[in-house]
Amino acid sequence: MNGYLLIGLLVPFLGTALGSMLVLFMKNEMNPNLQRILTGFAAGVMVSASFWSLLIPAVNQASEEMGKLAVLPTSIGFCFGILFLLLIDTLTPHMHLDETVEGPRSNLKKNTMLVLAVVIHNIPEGMAVGVLFAGWMQGNSLVSFSAALSLAIGIAVQNFPEGAIISMPLHASGVSKAKACMQGILSGAVEPVAGFITILLASLIVPLMPGLLSFAAGAMIYVVVEELIPEMSEGKHTNLATVAFMVGFVSMMILDVAM
C-alpha cells in the first residue's frame with residue numbers, strides 16, 4: 001500500500017485513539033457542558049468537511065462533464081448517502097449517550113450498544129477520507145493529496161473529543177479505565193477499514209467519483225442531523241455548543257482552503 005495512503009487512512013483513527021486515552025488521566029466524569037461543546041465542535045467540522053471537501057469538488061467535477069446537469073449525480077449521491085446511513089442506523093442496535101436505544105431488539109450490553117453508536121458515526125468519516133484519496137490516486141485534477149490530507153486531519157481533530165466522549169461515559173458506567181480506553185480506540189478502527197474498502201470500490205468506478213463524493217457527504221450530514229445536533233442540544237439550554245459548532249466549521253474551512 002502507498003505510504004502516503006496508509007498515513008492518510010490512519011490519521012483519523014489516531015485522533016480517536018488519543019481522545020480515548022484521556023480517560024486514563026481524568027478522574028471524574030465528563031462535565032455535560034464540556035460534552036455538548038465537544039459534540040458541537042465535531043458537528044461543525046463534519047458539516048464544513050461535507051461542503052468544502054466533498055460536495056464542492058463533486059459539483060465541480062460533474063460540471064466539467066455534464067454542465068448544468070451536474071446537479072443530478074451529486075443530488076442522487078447525497079440522498080443515497082443519507083439513506084445508506086439510515087439503513088445502518090435502523091438495522092444496528094445501538095444506544096446514545098442519553099441511554100436512548102435504537103434499532104432492533106437485542107440482548108447486547110449497554111456498553112456494547114454505546115460503542116456501536118460511535119461505530120456508525122465513524123463509517124461515513126472513513127468513507128469520506130477513502131473517496132478523496134481514491135480520487136487523488138486516480139489522478140483526478142480536482143482532488144489533490146493536500147485536499148485529501150486536510151480532510152483526514154480535520155476528521156482526526158473532531159475524532160479527538162469524540163474518543164473522549166465514548167471512553168469516559170464507559171468508565172463512568174463501571175468499566176475499568178483500561179477497558180474503556182480500549183473500547184474507545186476500537187470504535188475508531190472502522191474508519192481506516194471503511195476508507196480502504198471505499199478506495200477499492202472507487203478505483204473500479206472512477207466515472208462515478210462525483211456521486212461517491214456526494215454519497216460520503218450525505219452520510220456525514222446524516223450523522224450530524226440525526227445524532228450530533230440532538231446530543232449537543234440536550235439538557236439545559238446553552239449557547240456554548242452553538243459557538244463550538246461555529247469554531248469547528250470555520251476551523252475545517254480554513255484547513256481545507258489553506259491546504
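These legends accompany several close-up views of a predicted model. Residues are numbered from 1 along each chain as its sequence is written, and side-chain values use heavy atoms, with hydrogens and water left out. In this predicted model, local features need pLDDT of at least 70 and side-chain atom pairs count only at pLDDT 80 or more, while totals for chains, interfaces and linings use all residues.

**View 1. The largest nonpolar core, with its 48 residues.** Let us start inside. A nonpolar core here is a set of buried Ala, Val, Leu, Ile, Met, Phe, Trp, Tyr and Cys residues joined through side-chain atoms within 4.5 Å; buried means under 20% relative accessible area, exposed over 50%, and partly exposed in between (1.4 Å probe, protein chains only). L54 and L151 touch the most other members of this core. At least two residues each come from α1 (3-20), α2 (32-66), α3 (71-91), α4 (110-137), α5 (145-172), α7 (190-204), α8 (209-232) and α9 (240-258). Helices are DSSP runs (H or I, at least four residues), numbered from the N terminus. The largest contribution to the core, 14 residues, is made by α8.

**View 2. The surroundings of L54.** Contact means heavy atoms within 4.5 Å. Setting aside residues up to four places away in sequence, L54 touches A49, A128, V131, L132, L151, L213, A216, A217 and M220. A second, separate core has ten residues, among them L114, I166, L170 and V175.

**View 3. L38 in helix α2.** Beyond its neighbours within four places in sequence, L38 is in contact with M30, P161 and I165. From L38 to W52 the separation is 14 residues in sequence and 21 Å in space, C-alpha to C-alpha.

**View 4. A nonpolar patch on the surface.** Meet L14, L18, M21, L24, F25, M26 and F160, which together have about 650 Å² of accessible area. Areas come from the Shrake-Rupley method with a 1.4 Å probe, and for residues only the protein chains shown count as cover. M21 sits in the loop between α1 and α2 and is partly exposed because its relative accessibility is 32%.

**View 5. V257 in helix α9.** With 54% relative accessibility, V257 counts as exposed. V257 and A194 lie 63 residues apart in sequence and 25 Å apart in space, C-alpha to C-alpha.

Key:
Patch = residues over 30% accessible without salt bridge, like charges linked within 9 Å, V, L, I, M, F, W, Y side chains within 5 Å. Salt bridge = Lys/Arg side-chain N within 4 Å of Asp/Glu carboxyl O.
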